Amino acid sequence: MSSGTGKRNVSPSKDANGSAAKKGKQSLVTPLSTKAVNTVRVLCADMVQKANSGHPGAPMSLAPLAYLLWTQVMKYNPKDPQWLARDRFVLSNGHACALLYAMLHLTGYAQVTMDALKAFRQVDSITAGHPENTLIKGVEVSTGPLGQGISNAVGLAMAEMHLGAVFNKSGHAKVVDNYTYVICGDGCLQEGVSSEASSLAGHLGLGRLIVFYDDNQITIDGDTALSFTEDVAKRYEAYGWHVQTLEDVQDLDALLAATEAAKAETDRPSMIKIRTRIGFGSKKEGSHSVHGSPLGAEDLKQLKSRFGFDPEQAFVVPTEVAELFQAAGAKGAAAQAAWNTAMEAYKGAFPAEASELVRCTEHRLPDGWREKLPRYTPEDKAMATRKFSEIALNVLAPMLPELVGGAADLTPSTLTALACSGDFQKKTPDGRYVRFGVREHGMTALANGMFAYGALRPFVATFLNFIGYAWGAVRLSCLSHFGIIFVMTHDSIGLGEDGPTHQPVETLEQIRAVPNLHLLRPADGNEVSGAYISALEHSYTPSVLALSRQNLPNLEGTSAEKTLLGAYVLAEMGGSNGGGGAPELILTGSGSEVAIAVEAAKTLAETVRVRVVSFPSWELFDQQNKEYRLSVFPGGVPVVSIEASATHGWAKYSHAALGLTWFGASGPYAKVYAKYGLTADNLVSKAKEVLAFYAGDRQVPSLIDVPFISNQLDHKPVATSHA
């Protein structure tokens with residue numbers, strides 16, 4: 001290893017093989033290992049050919065590395081794919097998933113049968129076109145959008161580092177003890193999210209993170225020389241990584257030597273840059289044409305002949321190869337048995353810690369936690385909902401050690417610091433507050449990895465407008481059933497002086513459009529408490545808490561428990577009938593505009609019976625039965641909504657929507673609200689127009705009675721990790 005940079009150029013013939021020979025070690029390159037590697041290559045090519053779709057090139061070139069990892073390096077148990085102490089593997093270049101599916105099948109993961117391989121990329125098959133963690137126990141994270149997997153892996157390594165610091169005890173075998181291994185390609189390293197995550201990984205010194213960079217010099221467009229000529233090794237050295245370079249992926253001994261050197265580097269994450277030939281063995285070897293298309297019948301036949309297989313047969317695994325891989329997979333049972341013994345001893349010595357670890361991995365919340373969240377009355381001080389969030393978060397954190405997170409360099413603004421804990425840093429990995437830096441996308445991808453590890457409930461924070469920077473990772477949170485808590489402050493034009501570049505107008509609508517994502521926009525302190533209850537109790541659904549910068553009053557009638565219903569009747573007032581009876585008009589809104597609706601209702605109540613409905617969450621309301629929804633919005637009553645956001649979507653719940661059609665403006669928030677008509681006076685005026693429109697015989701359309709048509713299926717996550 002050279003001094004200073006930490007870069008290690010491994011020459012297979014002189015370094016790794018030579019060292020192995022000098023020490024008398026038997027080479028890993030044998031006729032059987034060669035046959036096993038070639039079996040993986042041909043099996044992957046068969047999968048893509050049968051599907052007539054997919055990416056055969058990378059799996060074929062990476063087969064030696066996969067063989068090494070699954071037979072010589074990684075600790076895993078196919079009989080219990082979610083064993084807590086397993087090594088984590090992430091295929092960041094998820095288009096190469098035929099390789100992952102082949103290895104899971106060969107090493108004995110029961111779900112991944114030969115029939116599953118034959119159903120690659122077919123409807124309702126678990127072997128989807130890119131790996132999905134909700135389909136297969138053995139796929140840690142959903143990958144495919146490039147850069148996400150390596151970034152998730154940083155989160156996985158952070159979780160291991162933190163949980164190990166918290167739960168491992170001197171004098172006892174480690175109960176949190178694993179490495180995170182990653183295969184990534186050029187595309188992953190070109191995406192900006194990987195740079196964000198890798199930079200933080202170097203800062204934190206994640207010594208148990210090992211990345212294998214598939215340097216095949218090919219992208220979809222062609223040679224990487226078209227667009228990607230930087231020195232990746234030097235870039236990662238600058239991030240603070242330990243970097244090695246291998247010139248040939250075929251040399252298993254060199255691969256193992258480099259991997260062992262990476263494992264020995266405990267203070268820095270490691271990258272092993274490996275030169276490969278995409279589509280190895282194909283007539284298209286080394287060309288971008290083998291990246292994303294089947295080989296074709298003739299090329300596949302010559303490939304099989306070249307590697308000693310019958311060209312007329314498909315999906316063949318020679319008996320001796322099957323036995324080799326099954327034996328490799330079976331080793332994990334003994335490793336887990338030893339860990340189980342250590343865990344039993346740990347339970348005896350540290351019963352409280354053991355109980356807490358099991359509770360966290362099962363996503364069970366402790367008894368009585370709900371009741372400890374604050375409740376407020378109108379006499380309590382008006383504050384921004386971000387401030388109410390700070391109070392709630394710091395009530396919860398001492399009870400819930402699984403709450404780990406931080407902000408994208410906005411802690412003084414998002415108010416997410418944890419008073420009960422210090423920072424998570426290289427020297428203090430037991431800390432629970434993460435300084436993510438100005439890295440919104442990386443922050444969210446890391447949180448996904450932390451959740452995927454098990455035992456943690458990550459929260460991340462920034463301004464609501466900047467969730468757009470993290471959108472790729474947010475979408476994967478939802479697809480993956482990772483219950484991330486997004487604490488998004490400065491939620492409207494109410495942030496004021498920073499102006500349109502910071503004021504989210506379309507953002508609420510974007511969030512509401514994503515499946516399996518809950519948006520909660522609380523109106524006051526009680527609803528903030530309710531928002532945290534909802535977020536924590538939905539372990540497999542991410543939640544966005546949209547919080548105000550400006551102060552809001554605590555309203556009469558709000559409730560943490562009613563917040564869980566999504567929408568509820570906040571107030572009934574006025575009317576010519578002396579204050580009783582059914583409403584003649586309904587005003588509804590979310591967040592900071594609920595107080596405006598209450599103020600407007602007081603004026604309107606001089607002539608009509610007005611109901612005010614607080615509407616913190618569309619998603620939670622849609623989950624209620626029709627009877628309840630009709631009790632909130634009875635048919636035949638005009639509904640007017642107000643929200644400092646785009647109005648699209650409100651037609652589902654209101655007959656007229658008062659909102660925004662432009663990006664906002666810079667100025668004191670009250671004046672910005674007035675400029676765009678988000679005032680009680682304007683709401684009164686618009687409500688009177690609606691009442692006039694429906695006066696006489698004109699029928700008011702019933703909103704709830706109109707069928708809401710959706711073919712959405714009920715997707716359930718796979719079981720969580722367990723200790």
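## Starting with contacts

Two residues are in contact when they have heavy atoms within 4.5 Å of each other. Leaving aside neighbours within four places in sequence, E440 is in contact with E196, A408, T462, F466, Y469 and A470.

This is a predicted model, in which local features need pLDDT of at least 70 and side-chain atom pairs count only at pLDDT 80 or more, while totals for chains, interfaces and linings use all residues. Residues are numbered from 1 along each chain as its sequence is written, and side-chain values use heavy atoms, with hydrogens and water left out.

## E440 and its record

An unreviewed UniProt entry places the feature "active site" at E440; such annotations may be inferred rather than shown by experiment, and the positions follow the numbering used here, with feature names shortened. You will find E440 in helix α16 (residues 440-453); helices are DSSP runs of H or I with at least four residues, numbered from the N terminus.

Is E440 buried or exposed? E440 counts as buried because its relative accessibility is 10%, where buried means under 20% relative accessible area with a 1.4 Å probe and protein chains only.

Now look at helix α3 (residues 57-73), which holds S61. This serine counts as buried because its relative accessibility is 0%.

Terms used. Helix = DSSP H or I, 4+ residues; strand = E, 2+ residues; numbered from the N terminus. Buried < 20%, exposed > 50% of the residue type's maximum accessible area, 1.4 Å probe, protein only.
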